[in-house]
Amino acid sequence: MSTRIAFLKGHGTENDFVIIPDPDNAIDLSPAAVAALCDRRAGIGGDGLLHVVRSAAHPEAKDMAAEAEWFMDYRNGDGSTVEMCGNGVRVFARYLQRAGHVLEGDIAVATRGGVKTVHLAKDGDVTVGMGRALLPEGGVTVSVGERSWPARNVNMGNPHAVAFVDDLAQAGDLFAPPPFTPASAYPQGVNVEFVVDRGPRHVALRVHERGAGETRSCGTGACAVAVAAARRDGADPAVTGTPATYTVDVPGGRLVITERADGEIEMTGPAVIVAEGEIDGAWFDAVGR
């Protein structure tokens, strides 16, 4: 590839992403190229990559094109694909606004986890309709070293194991995926959240994300944690008819999660574009092999 490739860099509560605008899906983003771009020493650096494609131009999103013009082709930092990224959707929407593709207000974004509704507020915050949580039956246990905790199995379009602990330091370094049992609960791996209480309906977490290791924030993880905390606290909006709102502190900032009476979950938080530039085409060709 002789031409240079445009990119931007953004983050949502310090969960950071390389952004590649590619409306016509013309750039071959191999897993190796994605991993190289996300490398913090030899590349641009990021927890993941947001490939910005028109839905009609992507084979995985064509069926959603009537509902959402833009598809978030999200990749983990190791180059693997994933169903959904809550912080990524907010940053994706912020990029669309910056590029002039959308205005303030409600927009629809196609993801591998379905079409998500995003609201770009005048105050700068971004709210994402994250869908409903699924709570699979069966007990799950996660471990760090010699210690183990029961965990709540929550699916937000991607799998989560939520464990409540006494101290976030008990999560260890989170470089490697924390072991879990039974293995059948998460055949494709899992995002693991360790959670402590900070006050009434206020919790804090650390997270190991599949394919990324410990990250500064995880949007779907914050939603999973809020749902798990609500059920632990005896709150189920579908039963009571009263929304449940939790403040969730992550290492990179703060998110506000509301589970409505109809089961829909909304996540509100910041989304920031910090830089833009060009990738050298010769370098990209070399690392993409």
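What follows is a short tour, in questions and answers, of one predicted model.

Visitor: What should I know before we start?

Guide: The model is predicted: local features need pLDDT of at least 70, side-chain atom pairs count only at pLDDT 80 or more, and totals for chains, interfaces and linings use all residues. Residues are numbered from 1 along each chain as its sequence is written, and side-chain values use heavy atoms, with hydrogens and water left out.

Visitor: What makes residues 219–232 the helix α3?

Guide: Helices are DSSP runs of H or I with at least four residues, strands are runs of E with at least two, and both are numbered from the N terminus. α3 has 14 residues.

Visitor: How do you know what span to expect for α3?

Guide: The expected span is 1.5 Å times one less than the number of residues. For α3 that gives 20 Å. From first C-alpha to last, α3 reaches 20 Å, so the span is close to the expected one.

Visitor: Why is α3 called largely enclosed?

Guide: Count its buried residues. Buried means under 20% relative accessible area, exposed means over 50%, and partly exposed lies in between (1.4 Å probe, protein chains only). In α3, 12 of the 14 residues are buried, so the rest of the structure largely encloses the helix. Among them are Gly219, Cys223, Val225 and Ala230.

Visitor: What follows α3?

Guide: Glycine 234 does, with a positive phi near 85 degrees.

Visitor: Where is methionine 156, and how do you know whether it is buried or exposed?

Guide: Methionine 156 sits in the loop between β9 (147–155) and β10 (159–164). Its relative accessibility is 2%. The limit for buried is 20%, so methionine 156 counts as buried.

Visitor: What does methionine 156 touch?

Guide: Contact means heavy atoms within 4.5 Å. Leaving out residues up to four places away in sequence, methionine 156 touches several residues, including Met84, Met130 and Ile265. Thr220, Cys223 and Ala224 are also among them, and these three are buried residues of α3.

Visitor: How many aromatic pairs are there?

Guide: The structure holds three.

Visitor: What makes phenylalanine 180 and tyrosine 186 a pair of the edge-to-face kind?

Guide: Their ring centres are 5.2 Å apart and their planes stand at 85 degrees, so this pair is edge-to-face. Phenylalanine 180 is partly exposed at 22%, whereas tyrosine 186 is buried at 4%.

Visitor: How do you know that arginine 232 lies over the face of phenylalanine 164?

Guide: A charge sits over a ring if NZ of Lys or CZ of Arg is within 6 Å of the ring centre and within 35 degrees of the ring normal. Arginine 232 is at 4.4 Å from the ring centre of phenylalanine 164.

Visitor: Why do arginine 40 and aspartate 47 count as a salt bridge?

Guide: A salt bridge needs a side-chain nitrogen of Lys or Arg within 4 Å of a carboxyl oxygen of Asp or Glu. For this pair the N to O distance is 3.0 Å, so the pair qualifies. Aspartate 47 lies in the loop between α1 (31–38) and β3 (48–54) and is buried at 10%.

Visitor: What about glutamate 214 and arginine 206?

Guide: They meet in a salt bridge at 2.8 Å, N to O. Glutamate 214 is partly exposed at 30%, while arginine 206 is buried at 14%.

Visitor: What makes Lys9, Asp16, Arg40 and Asp47 a network?

Guide: Salt bridges that share partners join these four residues into one network.

Notes:
Phe/Tyr/Trp six-rings, centres within 6.5 Å; stacked < 30°, edge-to-face > 60°.
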